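User: Could you walk me through this model, starting with the overall layout and then the details?

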Amino acid sequence: MLPLTAGDVIFIPPGPEYPHQILNTSEKPLKYLSISTREQPEVCEYPDSGKFLATASAGGERVFDVVQRRSNDLDYWDGEP
């Protein structure tokens with residue numbers, strides 16, 4: 001956990017070594033600005049729930065979007081002739 005205070009500016013690189021979650025532990029409202037590169041395709045892992053998200057866009061339109069658990073993995077050749 002990285003404690004934050006009013007006025008902090010942080011950069012969190014990709015990967016599981018750093019937290020990608022903000023928890024407000026105070027009684028006051030929390031406001032934050034998040035900026036992303038929005039590079040495509042994107043794959044996000046949610047280690048607490050064992051899920052991942054994969055998305056891809058083309059021409060400003062989302063053409064692929066899936067959220068699933070690793071336990072749903074299929075063999076590469078599943079269903080192929």
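**Questions and answers on the chain**

User: What share of the contacts in the protein chain with a separation of 6 or more is between residues 24 or more positions apart?

Analyst: Happy to start there, with a note on the ground rules. This is a predicted model, where local features need pLDDT of at least 70 and side-chain atom pairs count only at pLDDT 80 or more, while totals for chains, interfaces and linings use all residues. Residues are numbered from 1 along each chain as its sequence is written, and side-chain values use heavy atoms, leaving out hydrogens and water. A contact means heavy atoms within 4.5 Å. Among contacts with a separation of 6 or more, those between residues 24 or more positions apart make up 2%.

User: Which pattern does the protein chain follow along the sequence?

Analyst: Helices (H or I, at least four residues) and strands (E, at least two) are DSSP runs, numbered from the N terminus. The protein chain has 0 helices and 3 strands. Read along the sequence, the pattern is β-β-β.

User: Why is the protein chain described as more spread out than a compact globule?

Analyst: The C-alpha atoms fill a box of roughly 60 × 30 × 20 Å along the principal axes. The globule rule is 2.2 Å times the number of residues to the power 0.38, and the radius of gyration is taken over C-alpha atoms. For 81 residues the rule gives 12 Å, so the chain counts as more spread out because its radius of gyration is well over that, at 17 Å.

User: Is Thr55 buried or exposed?

Analyst: Thr55 sits in strand β2, residues 51–58. Its contacts, leaving aside neighbours within four places in sequence, include Pro41, Arg62 and Phe64. Buried means under 20% relative accessible area, exposed over 50% and partly exposed in between, using a 1.4 Å probe and protein chains only. At a relative accessible area of 5%, Thr55 is buried.

User: And Ser34, buried or exposed?

Analyst: Ser34 lies in the segment before β1 (42–46). Its C-alpha atom is separated by 31 Å from that of Asn72, 38 residues apart along the chain. With a relative accessible area of 59%, Ser34 is exposed.

User: Which residue forms a salt bridge with Arg62?

Analyst: A salt bridge is a side-chain nitrogen of Lys or Arg within 4 Å of a carboxyl oxygen of Asp or Glu. A search of the whole structure finds 1. Arg62 is partly exposed at 48% relative accessibility. With the closest N and O atoms 3.3 Å apart, its partner is Asp65.
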